[in-house]
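Here's a walk through one protein model, feature by feature. Have the coordinates open and follow along.

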Amino acid sequence: MWLRCTSRRLLTPFNRALKHGRLNASSWSGKVAAVMPEAAGFQGVTDRATLQEFSHAHSDSFWAAMANHRLTWTSAYDTVQDCDLRRGKVKWFVGGKLNVSVNCLDRHVLTCPDRVALIWERDEPGAEVKVTYRELLEMTCRLGNLLRRRGVKKGDCVTIYISDALAERIRDANSSTVITVNQGVRGGKMIDLKKTVDAAVDTCPNVRQVFVAMRTETPVVMKDRDVAMEEEMAHEEAVCEPAAMDSEDVLFMLYTSGSTGKPKGLVHTQAGYLLYASLTHKYVFDYHDGDVFGCVADIGWITGHSYCVYGPLANGATTVLFESTPIYPDPGRYWETVQRLQINQFYGAPTAIRLLLKYGDQWVHKYDRSSLKTLGSVGEPINTEAWEWYHKVVGDGRCPIVDTWWQTETGGICIAPRPSDPDAEIVPGMAMRPFFGIKPVLVDNEGEELTSKSASGALCIAQPWPGMARTIHNNHQRFIETYCQPFPGYFFTGDGASRTEEGYYQITGRLDDVINVSGHRIGTAEIEDNHCSAVAESAVIGYTHDIKGQGVYAFVVLKKEADITEPELRQQLKDSVSKSIAKYASPDYIQIAQRLPKTRSGKIMRRVLRNVVERDLEGLGDLSTLDDPTAVQEIIQGHQATTN
C-alpha cells in the first residue's frame, strides 16, 4: 500500500538519463519518437524493431532511461538491476527511494489539480461519482493519517476484503488490519461483506482492527475492533507527508488460485511494478492526455490494479472504476457507459464479450460509441468469432483491438499487437508482439529453446523485467519451483504458445490444458475456436478414456436467439472440429450449459470442469474466486444428464 509519513525531497524525473540511458539527441528518429519518445535518443535505434533489439541487448540502459523519465525519485538508485532467474532473484533500481502516491497523485496535483482522476461508475447507471486529483490526494492523506494514528506502520500488511476464503489469506499475510464496506453492490444485488469479514476475523486472532466504510445505507453491527472509517477520516488532516520507500519494498500482494487449489500470495514491489504499469498503459493502449480510460475489471484482480489504478494514475489519466456487471440493468450497460462517460479506451474480458455477443447487435447499436479509439481484451485468448464481433460491431471496424497476454506474475502486459506502427497489421485473436524489454522464447519438453521462426512450445521469458513478481509470500521456494526450475535460466509462464514466420506469438492456453488423444496432443483453445454460429462460448477439457488415453469433453453455452436442436448442434460441432483439426479431435461428449463456472475476473475455471467430468467432487479445491458458486451445481447436474 502507499505510505505517507516523512520526507518530501524529490528529484527531477530525467536528471540521470544521460548517465544511465545513453541518450544522444542528435540521433533522434521520427519513427521512434512516434512510438516511444523516451527512447528516441538511443544510439542506433531507428524503428520499432531496433528499439526492441536495444531493449534486449542493453537492458540496463533501456530501463534506466524509462525509470528516470517516467518516475519521480526521492533519492537515486545505485544499480539498475540485480537479477538471476536461475535462483529466483529479482531486484530492480537497487538503492533508490520513491513514493508511489507521489507518482500517482502529488505530481499531478501540481500541474492539473482539477483534472478528474477517478470516475466511480456505480452499480446504478447514471449515478457516477467523479473525483479530482486534488480530492483524491486529500482522501489519501486523511486515510494515511488515520492508519498511522491507529498504529499501522511501515512493513505492516493491510487487507482489503475482496473475496471469500478471507481468513486463509489474512493468516497467510499475517495481517493485523482489515478494510471493508458494509455491503457490496453488483448487478442490483447486495452482498453482505461485513458479515463475511466478521466470520473470517473471528478465526484470525492477529487482527486487531477492522475499518468499515458504508457503501449502502444498511446499518451493520459494529464490534469493539471495528472503526467507522469515513467518520474517523473526517477528523484527520488533509495533508500527510509521503514516506520515502525503497524500490524493493513490498507494494501489494495478490492471491491467485493455484492449480493445486492452494492460493499463492504473489508479491509486487514499488518502483519496478509502477514503472511497468505506467509504460504499458500508455503505449499498449495509445493513451494521451485528456483521454478517459475504461478498464472494467474487478479492482481486486491484477488487471484492476495495473490498469484501473496504478498505470492510469501514474500517467495522470482519468480512469473508470466499474462496479456493475455487463448485463445490468440490460446487455447495453457497457456501451451506455461508453456513451455517457465518453470513454476512449475500453478494456474488457473475452468472456464478457462472448456473453454480450449472445444478446445480438441491437444493444450495441443503441448507443453512440464514436469516442472509442482502442479496444482491449484480457484474461484468456479471445476466439475469432468474438474478436470479429468486438471489432466490427462494437468498434465499427475502425478501432484497433489489443489482445493482451500477461499474468498476475508479470505485473503488466507482456505481449500485445500495440505499440507498433499505426498501419501495422493486427491478426484476429493473436497477441502478436512482445512489449519492449520482454524477450519471449519457446522451449520444448527437453528444455531446449526452439529457434526456428515457426514453432510451438512452452512460453518462457528469457530476461527479467521490472514489473515481474518478486516472490510468493512466505514461500520463496515455491516461487522458484513454479517459475524458475522448470526451464532453468528462463521465467516459465505455464502457458503454451506458437510463433509464426513473421515472429508473431499466439497463446494456445495453459500447458495443463493440452489433451493427448491416442498420442495426438491438442490444445483445448484450438478446439474451442471451432464452433457453429449458435454457440456463444465454450470450454473444452480432457478426461480419462480407457482406449484413447484421453477423450474430449466440450461444454457449450448457446446464444439467446439460437434456433437449433441439440442433435443438430452436436453434429455441427463434431463436423467443424473434424474438418478444421482432425476426426480424433472431435468431442466425445458435448454438454449444453446455461453458464460456465468463472472467476470474478472472467476466467473459466477449467480445473472445476475437469473434476466434475472425472467425478472427483471432493477434489474441487479452492472455489473462493468463483463469481457464482451455484454454476458448479448446474454443471454437475448437466454432466450427469449428458453421460447417462
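Before we start: "buried" means under 20% relative accessible area, with exposed being over 50% and partly exposed in between (1.4 Å probe, protein chains only). Helices (H or I, at least four residues) and strands (E, at least two) are DSSP runs, numbered from the N terminus.

This is a predicted model, in which local features need pLDDT of at least 70 and side-chain atom pairs count only at pLDDT 80 or more, while totals for chains, interfaces and linings use all residues. Residues are numbered from 1 along each chain as its sequence is written, and side-chain values use heavy atoms, with hydrogens and water left out.

## A strand covered on both faces

Start with S21. Pro 440 and Leu 442 sit on one side and Val 441 and Val 443 on the other, and all of them are buried, leaving both faces of the strand covered. In a regular strand the side chains alternate between the two faces of the sheet.

S21 pairs with strand S22 (residues 455-461) in the antiparallel sense, over four bridges; two strands count as paired if DSSP finds at least two bridges between them. Leu 442 has Leu 459 of S22 as its bridge partner.

## A three-stranded sheet

Next, an open antiparallel sheet of three strands, ordered S1-S4-S13. S1 (73-75) and S13 (245-246) are the edge strands: each has a single partner strand, so one side of each is left without a neighbour in the sheet. Strand S4 (residues 97-98) is joined to S13 by two bridges, and Leu 98 has Met 245 as its bridge partner there.

In the loop between helix H9 (229-233) and S13 you'll find Ala 243. Why does Ala 243 count as buried? Because its relative accessibility is 6%. Its C-alpha atom is 40 Å from that of Asp 628, 385 residues apart along the chain.

## The annotated N-terminal span

UniProt, in an unreviewed entry, lists residues 51-104 as "domain: Acetyl-coenzyme A synthetase N-terminal". Its positions are given here in the numbering used for this model, with feature names shortened, and annotations may be inferred rather than shown by experiment. That span is 44% helix and 20% strand, and its end C-alpha atoms lie 27 Å apart.

## Helix H16 and its cover

H16 covers residues 476-484, and its buried residues are Arg 478, Phe 479, Ile 480, Tyr 483 and Cys 484. Strands S15 (264-269), S23 (471-472) and S24 (491-499) are among the elements covering those buried residues.

## One cavity, one pocket

On a 1 Å grid over the protein atoms alone, a cavity is a set of points where a 1.4 Å probe fits but cannot get out; a pocket is an open set with protein on both sides within 12 Å along at least five of seven lines, and lining residues have an atom within 4 Å of a point. Grid points are joined across faces, edges and corners, and a volume is the space filled by probe spheres set on the points.

Searching the whole structure turns up one cavity of 30 Å³ or more. The largest cavity holds about 80 Å³ of space. Its lining has 12 residues, with Ile 527, Asn 530, Ala 554, Val 556 and Leu 573 nearest the centre.

The second largest pocket comes in at about 700 Å³. It is lined by 30 residues, and Gln 52, Pro 434, Glu 502, Gly 503 and Tyr 505 lie nearest its centre. Helix H3 gives the largest share of that lining, five residues.

Conventions. Contact = heavy atoms within 4.5 Å.
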